[in-house]
Amino acid sequence: MCLIPELKINLPCFFKITLGILVGFVPNANYERVFFMGKSTPKKLLAFVLSAVMAMSCLATGAVSTVAAREADELNPAGMTITAGSQYPSTPISNAFDDNTGSMWETDYTPGSEDAKGYDNHYVDIDLGGEYKVTGIRYTPRSAPAINGTIVKYTIYAGLTKENLTQVASGSWERNNNVKTVSFGPYKVRYIRIKSDETMNDGYNITTSAAEIGVIGSEIGEGEDVPQPPVRETDENGNYIVTFTDENRKGDFQIKQGEGTVDYTYGEGADGYAVFKGKNNTLAIDNMSDAIPDGFIEAELTDLGGVGRWGLIFRYTDNTNYAGICYDGSWSWKVGGAADWGPINASYSIKQNVTYNIRVEYTGANIRILIKEKTADDYTVVYSGKIPQLDLPAGKSGVRTWGTGNPGEPTGNVKIRQSLQLLLLKQRQSFRKLRKIQIIFGISLT
Ligand SMILES: [Ca+2]
């Protein structure tokens, strides 16, 4: 551990690789959080260094190495430094940044070790050494036919400071050895964390591996305005909160289904809000929210009128796996799937254009809905009971709005169709509008 930080000087790759291997012989060394220089090799030395790396790799592993030129769209700043949460002594993180697909980084897979049991430390931290326009990550798995450690689920975090990284992407990669990419932004970024959440493995010890990792991006041009990643805020209790105070504090609502939209107005307090417009079962999921099994959602909410239904979604995994409570004149619950909904025995009526505080608590199958007009002192318990269908695995939170884009063309929900026609007589409006102010997605019950 203590040897490697001294390498944060302009040593060529050859020495980094060599010392990385030497460290492997130190008994009981702590291999976590090993620092070294990134892809900072002076170009004039490149040919020599790559040759040396090939030679060292062959000596160390006996494997045939392949030198691959870095893609032209990948950043290669001289000040870049890399940190790995875990690495096996003979496969240090430097191997994932040496332009050599024949060498790889692998987390500590020693049987019985913490990192062989879980993914907590399976990450790479990249400090670009300055602010750049970053648009994605390229990941080259180890060479076929080996599959151990190939990342199939990932989360990418990025930010301008090390202490305030926000999730900018997450998802799945195909279970094969092909080169993989993920795109986001573009964002102005200095720090990036690539987190491995699941890998292909032999079913015995888990590991994460990478032949090469590249940061896709470019320098920020003169006068070019590149936004920073959205800021993830929490309240004094550590609960995730969306305040809509400015464009960086609006959560990360993504339309997962339907053709509705989310429009933002920024400002302090009640002056900051988002308007959710539903069209054909629109799901707007906040990708920045925590994926949690139990918790609560609090919102200041105003029904702006229109056609259809609005709801608060929780435990969202995908479009067929989510839970939600909805209101369209009466209360109902909803889970993913076309016909999976039912009534809630609750009679509280929501008036349009009146602002309410709503709190939905969910613990297993237990659901509690509390509401008060914003100006009132006390909440009313609208419902408290068990709805077994809503007891789904952990997931993210969001907003569901329903409306027809074309009046007279309901989408097939019988309950809605019946009330829809009454509403259409009042207002021929394409969208259901729902105004939300200061949404709080909580992670604990109080
Ligand atoms: Ca490599």
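Trainee: Where does Pro145 sit?
Mentor: Pro145 is in the loop between strand 4 (123-140) and strand 5 (151-159). Keep in mind that this is a predicted model.

Trainee: And what kind of peptide bond leads from Ala144 to Pro145?
Mentor: That bond is cis, with omega near 5°. Most peptide bonds are trans. Another cis bond joins Gly185 and Pro186, where omega is about 10°. Pro186 is found in strand 7 (residues 180-199).

Trainee: OK, backbone angles next. What's going on with phi at Phe244?
Mentor: Phe244 has a positive phi of about 55°, although it is not a glycine. Most residues other than glycine have a negative phi.

Trainee: Is Phe244 buried or exposed?
Mentor: Phe244 counts as buried because 22 other C-beta atoms lie within 10 Å, and the cut-off is 20 or more. As for its place, Phe244 lies in the loop between strand 11 (240-241) and strand 12.

Trainee: What about Arg315, where is that one?
Mentor: Arg315 lies in strand 17. Arg315 also has a positive phi of about 55° without being a glycine. Arg315 is buried, with 24 other C-beta atoms within 10 Å.

Trainee: Which strand does strand 17 pair with over 6 bridges?
Mentor: That's strand 18 (residues 321-327), and the two pair in the antiparallel sense, with strand 17 covering residues 309-318. You can look for Gly311, which stands opposite Cys326 in strand 18.

Trainee: Let's zoom out. In what order do the strands of the open sheet come?
Mentor: The order of the 7 strands is 12-15-24-17-18-19-20, with antiparallel pairing. Strand 12 (253-257) and strand 20 (341-343) each have a single partner strand, so they stand at the edges and one side of each has no neighbour in the sheet. On average, neighbouring strands of this sheet are turned by 25° against each other, direction ignored.

Trainee: How many helices and strands does the protein have?
Mentor: There are 3 helices and 25 strands.

Trainee: Which residues touch the most other members of the largest nonpolar core?
Mentor: Those are Ala284, Leu312, Ile313, Phe314, Ile325 and Val360, out of 35 residues in that core. Elements giving two or more residues to this core include strand 16, strand 17, strand 18 and strand 21 (355-363).

Trainee: And what does Val360 touch?
Mentor: Leaving out residues up to four places away in sequence, Val360 touches Phe296, Ile297, Leu312, Ile325 and Ile369. There's also a second, separate core of 32 residues, with Leu75, Ile82, Met104 and Ala210 among them.

Trainee: How far apart are Ala299 and Tyr356?
Mentor: They are 57 residues apart in sequence and 8.0 Å apart in space, C-alpha to C-alpha. Ala299 is in strand 16 (residues 295-303), and Ala299 is buried, with 21 other C-beta atoms within 10 Å.

Trainee: New topic: what joins strand 22 to strand 23?
Mentor: A hairpin does, through 6 residues. The two strands run antiparallel, with 6 bridges between them.

Methods
Residues are numbered from 1 along each chain as its sequence is written. This is a predicted model: local features need pLDDT of at least 70, side-chain atom pairs count only at pLDDT 80 or more; totals for chains, interfaces and linings use all residues. Two strands pair if DSSP finds at least two bridges between them. Helices (H or I, at least four residues) and strands (E, at least two) are DSSP runs, numbered from the N terminus. Axes are lines fitted to C-alpha atoms, for helices over the stretch in contact, and angles run from 0 to 180 degrees between N-to-C directions. A residue is buried if 20 or more other C-beta atoms lie within 10 Å of its own, exposed if 12 or fewer, and partly exposed in between; C-beta atoms are placed from the backbone. A nonpolar core is a set of buried Ala, Val, Leu, Ile, Met, Phe, Trp, Tyr and Cys residues joined through C-beta atoms within 7 Å. Two residues are in contact if their C-beta atoms, placed from the backbone, lie within 7 Å.
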